[in-house]
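Okay, everyone, thanks for coming. Let me put the model up and then walk you through one stretch of it.

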Amino acid sequence: MEFFDNAVNKAKEAIDIACKKTNEVVSTQKQKFDVAAIENKRAKDYEALGKIYFDMIKDTEIEDVAVKALVEEIKDKNDKINKLREDINAAKNKRSCPNCGAAIDNLSVYCNICGAKLEFASGDEADE
Ligand SMILES: [Zn+2]
C-alpha cells in the first residue's frame with residue numbers, strides 16, 4: 001500500500017508541476033501581450049513628443065547630425081505628402097489650404113476648416 005501511495009503522490013506532484021508550468025506559460029503570454037500593448041502606447045507618446053520637438057527645431061540651425069538627418073527626412077516626406085495631396089485635390093477640382101492642409105473647393109476664398117484667406121496662384125484661376 002505504501003508503494004501505491006508513493007506512486008499516487010508522485011503522480012500528484014507531476015500534475016502540480018505541469019499545472020504550474022501551464023499557468024506560468026499563460027501568465028507569460030499575458031505579460032508579453034501587456035508589454036506589446038504598452039509599447040504601442042509608448043510609440044504614440046514618442047511620436048507626439050517628436051512632433052512637438054520637430055515643430056520647435058525645424059526652422060533652426062541644427063548641429064546634431066542624427067537629428068538634422070531625421071528633420072530632413074520628415075521635411076522630405078511632408079513635401080511628398082503635400083505633392084500627392086495636391087494631385088488628388090487637382091483631380092477632384094480642389095486644392096489644399098496652405099495653412100491647415102484641408103482640401104477646399106477651388107473657388108473658395110476662405111478655408112472652411114481654419115478660416116485662412118486663400119489666394120489664387122497666378123494662372124490657377126478657375127475656368128468654368
Ligand atoms: Zn485651412
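I'll go along the chain from a helix, through a loop, to a strand.

Quick housekeeping: this is a predicted model, where local features need pLDDT of at least 70, side-chain atom pairs count only at pLDDT 80 or more, and totals for chains, interfaces and linings use all residues. Residues are numbered from 1 along each chain as its sequence is written.

So, helix α2 covers residues 65–91, 27 residues in total. Helices here are DSSP runs of H or I with at least four residues, strands are E runs with at least two, and numbering starts from the N terminus. From first C-alpha to last, α2 reaches 39 Å, close to the 39 Å expected at 1.5 Å a residue; that expectation is 1.5 Å times one less than the number of residues.

Next, the loop between α2 and β1, where we find N93. Its phi is positive, near 60°, and it isn't a glycine. Most residues other than glycine have a negative phi. N93 counts as exposed because it has 11 C-beta neighbours inside 10 Å.

Then R95, in strand β1, residues 94–96. R95 is buried because 21 other C-beta atoms lie within 10 Å. Leaving out residues up to four places away in sequence, R95 touches E86, N89, I104 and N106, where contact means backbone-placed C-beta atoms within 7 Å.

Conventions:
A residue is buried if 20 or more other C-beta atoms lie within 10 Å of its own, exposed if 12 or fewer, and partly exposed in between; C-beta atoms are placed from the backbone. Two residues are in contact if their C-beta atoms, placed from the backbone, lie within 7 Å.
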